Amino acid sequence: MDKAVSDNLYNTPSSDLKSDDENVFAPVKRPWPIFVIAVWMLLCFMLLSSNIKIILSSLLEETSKAGSTVGTVFLLLGLVLIVGVVKLHKWSVYIAGAFCILLGVLELYQVFWALTQSEDLIRFALVVLFLYTVPSLLSAWYMLRPEFRGLVERNRKYKQMVSMNKYVAKKLGK
């Protein structure tokens, strides 16, 4: 027998591979910036839903409640999306990231459009840029970066493990 094999006969072999699932069995702590992003998205959805109400009310008859209904439905869908983001649901995070990118790009377009219209709107454009566009793009960056996506994936695996444990306990309890 080979000397190297006989020396390590009773030792557990080691591997150089790094375990990806080392923290799967621990609950995932939600990072604090996700709550700031949720508040930011709530403000954005409230502003957009009120703008939708105003635009649809001006396009339709004044007695029509379609504008109010569409704005309210938009706000409710936004609230569902925000709850999904806080709970770290994978698709909610991706949709919210895409929404923040779209919102940031549209506001950036509005800033450039305002700058071409008048020299007096420069202050307004800069305020909109720093108070509305930058937070939207930073929110999208935070939610779509690889570290946060890994956190979301770990949360999904943990929730799946808890669900499977409950299912097995229920089946064994019968």
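Q: Starting with Leu-48: what is its relative accessible area?
A: In this predicted model, Leu-48 has a relative accessible area of 22%. Buried means under 20% and exposed means over 50%, so Leu-48 counts as partly exposed.

Q: Which helix is Leu-48 in?
A: Leu-48 is in helix 2.

Q: And what does Leu-48 touch, leaving out residues up to four places away in sequence?
A: Phe-74, Phe-99 and Leu-103. There is also a C-alpha distance for Leu-48: its C-alpha atom is 8.0 Å from that of Gly-71, although the two residues are 23 apart along the chain.

Q: Phe-74 and Phe-99 are both aromatic. Which aromatic cluster are they in?
A: They form one cluster together with Phe-45.

Q: How many aromatic pairs does the whole structure have?
A: The search finds five. One of them is Tyr-142 with Phe-148, a tilted pair.

Q: What are the numbers for that tilted pair?
A: The ring centres of Tyr-142 and Phe-148 are 5.2 Å apart, and the planes make an angle of 45°. A pair of aromatic rings is described by just those two kinds of value, the distance of the centres and the angle of the planes.

Q: Are Tyr-142 and Phe-148 buried or exposed?
A: Tyr-142 is buried at 13% relative accessible area. Phe-148 is buried too, at 1%.

Q: Back up a bit. How many helices and strands are there in the chain?
A: The protein chain has six helices and zero strands. Along the sequence the pattern reads α-α-α-α-α-α.

Q: What share of the chain is buried?
A: 26% of its 174 residues.

Q: And what share of the contacts with a separation of 6 or more joins residues 24 or more positions apart?
A: 75% of those contacts in the protein chain.

Q: Which residues touch the most other members of the largest nonpolar core?
A: Met-41, Met-143 and Phe-148, in a core of 27 residues. Helix 2 (33–59), helix 3 (66–86), helix 4 (90–117), helix 5 and helix 6 (146–173) each give two or more residues to this core. Helix 2 gives the largest share, seven residues. In soluble globular proteins, nonpolar side chains tend to be buried together.

Q: What does Met-143 touch, not counting residues up to four places away?
A: Its contacts include Ile-34, Ile-37 and Met-41, as well as Val-85, Val-93 and Cys-100. Phe-148 and Arg-149 are also among them.

Q: Cys-100 came up there. How many disulfides are counted?
A: The count is zero.

Q: Which contacts does Ser-139 make, leaving aside neighbours within four places?
A: Cys-100 is one of its contacts, along with Ile-37 and Trp-40. Ser-139 is in helix 5 (residues 122–144). Its relative accessibility is 5%, so Ser-139 counts as buried.

Q: Ser-139 has a polar side chain. Which backbone oxygen is it 2.8 Å from?
A: The backbone oxygen of Pro-135 lies 2.8 Å from a polar atom of the Ser-139 side chain.

Q: New topic. Which ring does the charged end of Arg-145 sit over?
A: The ring of Trp-141, with the charged end 5.7 Å from the ring centre.

Q: What about Leu-88: what is its phi?
A: Leu-88 has a positive phi of about 65°, although it is not a glycine. Most residues other than glycine have a negative phi.

Q: Where is Leu-88?
A: In the loop between helix 3 and helix 4. Leu-88 is buried, with 2% relative accessible area.

Key. Residues are numbered from 1 along each chain as its sequence is written. This is a predicted model: local features need pLDDT of at least 70, side-chain atom pairs count only at pLDDT 80 or more; totals for chains, interfaces and linings use all residues. Side-chain values use heavy atoms; hydrogens and water are left out. Helices (H or I, at least four residues) and strands (E, at least two) are DSSP runs, numbered from the N terminus. Buried means under 20% relative accessible area, exposed over 50%, partly exposed in between (1.4 Å probe, protein chains only). A polar contact is a pair of N or O atoms within 3.5 Å; within protein, one must be able to donate a hydrogen and the other to accept it, and residues adjacent in sequence count only if both atoms are side-chain atoms. Contact means heavy atoms within 4.5 Å. A disulfide is a pair of cysteine sulfur atoms within 2.5 Å. A nonpolar core is a set of buried Ala, Val, Leu, Ile, Met, Phe, Trp, Tyr and Cys residues joined through side-chain atoms within 4.5 Å. Rings of Phe, Tyr and Trp (its six-membered ring) pair if their centres lie within 6.5 Å; planes under 30 degrees apart count as stacked, over 60 as edge-to-face and the rest as tilted. A charge sits over a ring if NZ of Lys or CZ of Arg is within 6 Å of the ring centre and within 35 degrees of the ring normal.
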